[in-house]
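Here is a structure to be read step by step. Please look through it before the dialogue begins.

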Amino acid sequence: MPKSPIIKIAKRVCPAVITVVVSKDLPKVENFYSFPYGGKEYIMPMMDKGQKTQIESTQIGGGSGFIISPDGYVLTSNHVVADTSADYTVIIDPTHKYPAKVLSRNPINDIAVLKIEGKNLPHIGLHDSDSIELGEDVVAIGNALGEFQDTLSAGIVSGLSRYITAFGGIDNQMQNLRGLIQTDAAINPGNSGGPLVNMQGKVIGINTAMIMGAQNIGFAIPINYAKKDLAEVKKYGKLVVPFLGVKYVMLSKEMSQANKLPVEDGALVVREALGEPPVIKGSAAEKAGMKEFDIILECNNEKISIKNSLASILQKCKIGQETEFKVLRDGQELILKATLVEKE
């Protein structure tokens, strides 16, 4: 009886799938005490006031990732490494642990690029995610629930170009993710950041989310999104992000109806708090003539909506090139032109 092709994939891919450990220097807690409140009992940390507080490195989270080059470039999910004040360690196996530097965080696509110092490291090749087909076989790999290393689950590509609203990261922030690969290969907490590979053992996506309460519905970020970030990090040492310079909220049908706005889609230029200008002084937006309460309808002829946000469209724009915006102001449509600069 012929062996499953997944055995060969496991041997090729698993050595390059890693655990990302998140740790932070926190006060050492020696004991706990019970604190009754509101009919419930809460367990609280006990600090010794008479002694100097000891600080120790404490693991506060983790996820999966994978090495993509012999010199130690690593891809994972942005929400795995979202805490900028934490330290990160990459564990290849129990005897090989490396401190990791976060080179880039991209919350729009939920991608992060890390670097560890090493040579001849196990690594995985990247496929062209634009060429994947509905129904093709795939394998998801990661550290399920944060404790079951190198967990493999097989399935198919169940859907393409999916849009979801996800919650994750250290503060459980909301993210709108678009263009996702849907798969019925099991993706569990802890799998985030691990690879989704095809039957040639090449990465087609980064595992990112699953639907709570549903069975066999998981999502992965197409690997081509990560290729762009990786190329910029290798060239510039960081992500080069075009900067417009406006504060805004994305419109929805409910928001537009509640505020009696003339359109249901777009980005409404509005300040976040009193005293903060919604159009940043000296920015490309100010030079183009944008004003508070403008509704930005289109950018370079792409319509702006919750499913196609201004931030995701701006990512595709080039720094230094003239960018065209269709704006609604006092019932009149205007065309404003701005030259975007790099976000500092």
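**Reading the model**

A: Ile206 touches, leaving out residues up to four places away in sequence, Phe66, Leu75, Thr76, Ser77, Ile111, Gly193, Gly194, Phe219, Ala220, Ile221, Ile223 and Ala226. Contact here means heavy atoms within 4.5 Å. This is a predicted model, in which local features need pLDDT of at least 70 and side-chain atom pairs count only at pLDDT 80 or more, while totals for chains, interfaces and linings use all residues. Residues are numbered from 1 along each chain as its sequence is written, and side-chain values use heavy atoms, with hydrogens and water left out.

Q: Which residues have the most contacts inside the largest nonpolar core?
A: In soluble globular proteins, nonpolar side chains tend to be buried together. A nonpolar core is a set of buried Ala, Val, Leu, Ile, Met, Phe, Trp, Tyr and Cys residues joined through side-chain atoms within 4.5 Å. Buried means under 20% relative accessible area, exposed over 50%, and partly exposed in between (1.4 Å probe, protein chains only). The largest such core here has 27 residues, and Phe66, Leu75 and Ile206 have the most contacts inside it.

Q: Which elements give two or more residues to this core?
A: Elements are DSSP runs numbered from the N terminus: helices (H or I, at least four residues) and strands (E, at least two). Those giving two or more residues to this core are helices H1 (5-13) and H2 (223-236), with strands S5 (73-76), S8 (111-115), S9 (137-144), S13 (203-210) and S14 (218-222). H2 supplies the largest share, four residues. There is also a second, separate core of 22 residues, and Val246, Val279, Ala288 and Leu340 are among them.

Q: How many helices and strands does the protein chain have, and what share of its residues is buried?
A: The protein chain has five helices and 22 strands. Of its 344 residues, 44% are buried. For contacts between residues at least 6 apart in sequence, 62% join residues at least 24 apart.

Q: Which residue is 4.7 Å from Gly159, C-alpha to C-alpha?
A: A C-alpha distance can be read beside the separation in sequence. Gln182 is 23 residues from Gly159 in sequence, with 4.7 Å between their C-alpha atoms. Gly159 lies in strand S10 (residues 148-168) and is buried, at a relative accessible area of 2%. Besides Gln182, Gly159 touches Leu134, Leu180 and Ile181, not counting residues up to four places away in sequence.

Q: What does Leu328 contact, leaving aside its neighbours within four places in sequence?
A: Leu328 belongs to strand S20 (residues 322-329) and is buried at 10% relative accessibility. Its contacts beyond those neighbours within four places are Pro262, Val263, Phe293, Asp294, Ile295, Leu297 and Glu333. The C-alpha atoms of Leu328 and Ile296 are separated by 6.4 Å, although these residues are 32 apart along the chain.

Q: How many disulfides does the count give?
A: A disulfide is a pair of cysteine sulfur atoms within 2.5 Å. By this rule there are zero disulfides. The sulfur of Cys299 has its closest cysteine sulfur in Cys317, at 3.9 Å, so the two are too far apart for a bond. Cys299 is buried, with a relative accessible area of 0%, and Cys317 is buried too, at 9%.

Q: Which charged ends sit over the ring of Tyr73?
A: A charge sits over a ring if NZ of Lys or CZ of Arg is within 6 Å of the ring centre and within 35 degrees of the ring normal. The charged end of Lys115 is over the ring of Tyr73, 5.3 Å from its centre. The charged end of Lys234 also sits over the ring of Tyr73, 4.9 Å from its centre.

Q: Is Asp110 buried or exposed, and what about Lys260?
A: Asp110 is buried, with a relative accessible area of 0%, whereas Lys260 is exposed at 75% relative accessibility. Asp110 lies in the loop between strand S7 (96-106) and S8, and Lys260 in the loop between helix H3 (253-258) and strand S17 (267-269). Asp110 has a positive phi of about 60° although it is not a glycine. Lys260, also a residue other than glycine, has a positive phi near 55°.
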